[in-house]
Amino acid sequence: MATKIPGNTQSILKHWHESVPDDRLAHLVRDAGRAFNKRLQVRLQKYNVSFGHWTFLRILWTSDGLTQKELSDLAGVMEPTTFSAIQAMEALGYVVRKQKPENRKNMYVHLTPKGKALKKALVPLAVDVNHVAVHGVSQAELLTTRKVLLKVIENLAQEEAQMDIRPSTP
């Protein structure tokens, strides 16, 4: 028995397969990212963790003790967004903010034991979403997809770097 696909997903699939099968890669990547995020959000809700908090937790699990600015940069969000999320995560007991005696200007974000413990419960949820997403995709296709997406990111970063060093014209 086939699983019924939700209407909004059917519309997206029809759009890609029939309406614009050759549309820009950026749109397809965006829709794939949204689908990943949506499926992970559903799983995170069982632990009362928002998707926004997941993003910061993931970063802190690998690089604890970053400044709020560093977190913003790594998460790809504006500093006020990071500030609000960190405040909420602090209230939930996931993180604490500290200043270093030698640098009173910056606030450093550190995971609490509760925040660290979430990794064991939440990472398997993301792994599960990835398993669901790549069902029926060969290892060779996955390797190619990964290689292509990394090259896309690299090309866009190089273009960004070139734009940043060009003198601005009045």
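## Second largest pocket

Helix 2, helix 3 (51-62) and helix 6 (113-133) each contribute at least two residues to the lining of the second largest pocket. The structure is a predicted model. Among these elements, helix 3 gives the most to the lining, with 4 residues.

The residues that line the second largest pocket are F36, N37, L40, F51, W54, T55, R58, A126, V129 and N130. Sorted by class, this lining holds 6 nonpolar, 3 polar and 1 charged residues. The space in the second largest pocket comes to about 400 Å³.

## Nonpolar surface patch

Helix 2 (residues 25-45) also takes part in a nonpolar surface patch, to which helix 2 gives the most, with 3 residues. The patch is made by L25, L28, V29 and L149, and its area is about 310 Å².

V29 is located in helix 2. V29 counts as partly exposed because its relative accessibility is 39%, and that class lies between the buried limit of under 20% and the exposed limit of over 50%.

## Overall fold

The protein contains 7 helices and 3 strands. Along the sequence, these elements follow the pattern α-α-α-β-α-α-β-β-α-α. The protein has 170 residues, of which 21% count as buried.

## Helix 2 in summary

Helix 2 supplies at least two residues of the lining of the second largest pocket, and 3 residues of the nonpolar patch come from helix 2.

Technical notes
Residues are numbered from 1 along each chain as its sequence is written. This is a predicted model: local features need pLDDT of at least 70, side-chain atom pairs count only at pLDDT 80 or more; totals for chains, interfaces and linings use all residues. Side-chain values use heavy atoms; hydrogens and water are left out. Patches are made of residues with over 30% relative accessible area and no salt bridge: like charges are joined within 9 Å, nonpolar side chains (Val, Leu, Ile, Met, Phe, Trp, Tyr) within 5 Å. Accessible areas come from the Shrake-Rupley method with a 1.4 Å probe; for residues, only the protein chains shown count as cover. A salt bridge is a side-chain nitrogen of Lys or Arg within 4 Å of a carboxyl oxygen of Asp or Glu. Buried means under 20% relative accessible area, exposed over 50%, partly exposed in between (1.4 Å probe, protein chains only). On a 1 Å grid over the protein atoms alone, a cavity is a set of points where a 1.4 Å probe fits but cannot get out, and a pocket is an open set with protein on both sides within 12 Å along at least five of seven lines; lining residues have an atom within 4 Å of a point. Grid points are joined across faces, edges and corners, and a volume is the space filled by probe spheres set on the points. Ala, Val, Leu, Ile, Met, Phe, Trp, Tyr, Cys and Pro count as nonpolar, Asp, Glu, Lys and Arg as charged, and the others, Gly among them, as polar.
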